[in-house]
Amino acid sequence: MQQPTQALTRLATACATALLLAAAPVQAQDKPVMFRFSSWVPAQHPLNPSLIAWGESMKKASGGTLSATMFPAQQLGKAFDHYDMARDGIADFAYVNPGYQPGRFPVFAASSLPFLIANGKGGSAAVDAWYRNYAAKEMKDVKFCFAFVHDPGTFHSRKKIVLPTDIKGMKIRPAHEGVGRMVTLLGGTNVQSSAPEVREIIERGVADAVTFPWGSIPLFGIDKVVKYHMDVPLYVTPFVWVMNQSKYNALSTAQKKVVDDHCTTEWAEKVASQWADFEYAGHAKLGAMPDHEVYKLTPDQLDAWRKAVAPVEAEWAKDLKDKTGQNPKAALDGLKQQLVKYKAAM
C-alpha cells in the first residue's frame, strides 16, 4: 500500500513543481515601466519626498518592474497645465491644483469652500473618500489616483486684515476658485498666479496679500514681502494626483493592481501627512520672525467672517447645479459626513 501512496506523492510534487515553473515566466513577462512624476513645487518641498516614497512602494510591490523619476519645480510644464499634462502624456503622474482652472471641476470645488476643513491629515482622507464618487465622471480625461489637501491656510499680507471689510480695495492672490469668490464678494480684486510666482507679484505691488499655507510662506520666499498673518483656518487647497490613462491601460494586469493598491484613501492621507506637519510648523516659524505679526481673531470677528463669506457656498451650489444638474446639497453633505468621520470638520 505504501508504494502507490509514494508514487502519488511524487506525482503531486512533480505536478506542483511544473505549475510553479510554468507560472514563473508569466511573472517575468511584465515589462519594466518608467513613470515620469511631475510636481510643480520646488524640489525641497515636503510633498516631493512623500510622492517619491509612494513611487518606491510601487516599485517594491511590483517586483521592480514599476519605477519612477520625479521632475519637480515645473520642469515638465507650468503649474496651471498639470492636469492637461497628465491627460496628454507629457507626465505619467501629475500633481494638480484643480482650482487653478476655475469652473472646470465644479464638484471638486466644494472642498475649497472657506471655513470647512480643520486639518490637513484627516481632511485629506475625507476629501479623497468623498471625491471617489465623482472623480471618474468629472476627471474622465485621466485616471484619478487620490485627492488630498494641505493644512489650512490664511491671509498673509502687507497690511493687517482683521475684518471682512478690510478686503475692500485690496489686490489678493487667491489660492483657488473658492477663495477667489470670497475676495470678489468682499470687494477685493483677484490677481491670478501660480504659487512659485507669488513673491514676485507682491514685490512688484501687483498684489497686496496672498492666501497660502503657513510653512510654505518661507519656502517660497514670501516672508520677505509680507509681515501680517491672520491665525485662523480660513481654507484649504485640495489637490489631486492623477495618471495618464493610456499609460495605465498599457500596464499588465499585475502592474495595474499595484497601481490600484496605491491609489487609495489610506495613501492619500499618508502622502499628505508630512506636508501637513510642515505647514503646521510654519505658525511658530513665522511667529518667531522679527517684524512679523501672527494674530488671532476674537469670537465676534470670526463670526463676522463666517457671515460675510456665507454667500460663497450659495454661489458654488448654483454653479454646480447649472453646469452639471447635480444636487449641490447632496454633494456638500457627503463631504461634511466624511469630514466628521475623519475628525477634520470645522
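## Sheet and helix packing in a predicted model

Phe37 stands opposite Phe93 in strand S3. The model in which this pair is found is a predicted one.

- Five strands in the order S2-S1-S3-S10-S4 form an open sheet, and the pairing within it is mixed.
- The edges are formed by strand S2, residues 66-71, and strand S4, residues 143-149, each of which pairs on one side only.
- On average, and with direction ignored, neighbouring strands of this sheet are turned by 20° against each other.

**A helix across the sheet**
- Helix H11, which spans residues 265-287, lies across S3, S4 and strand S10 (238-243), and runs at about 40° to S4.

**Packing of H4 with H13**
- Two packed helices are described by the angle between their axes and the distance between the axes.
- For helix H4 (residues 120-131) and helix H13 (residues 328-341), the angle is about 140° and the axes are 8 Å apart; the two helices are therefore oblique to each other.
- The crossing in which H4 passes H13 is right-handed.
- On the H4 side the contact involves Gly123, Ala126, Val127, Ala129 and Trp130, which meet Ala331, Gly334, Leu335, Gln338 and Leu339 in H13.
- By class, the residues of this contact between H4 and H13 comprise seven nonpolar, three polar and no charged.

Methods
Residues numbered from 1 in each chain as written. Predicted model: local features only at pLDDT ≥ 70, side-chain atom pairs only at ≥ 80, totals over all residues. Heavy atoms only, no water. Pairing = 2+ DSSP bridges. Helix = DSSP H or I, 4+ residues; strand = E, 2+ residues; numbered from the N terminus. Axes fitted to C-alpha atoms, helices over the stretch in contact; angles between N-to-C directions. Contact = heavy atoms within 4.5 Å. Parallel < 35°, antiparallel > 145°, perpendicular 65-115°, else oblique. Left-handed = near helix turned anticlockwise from the far one by under 90°. Nonpolar A, V, L, I, M, F, W, Y, C, P; charged D, E, K, R; others polar.
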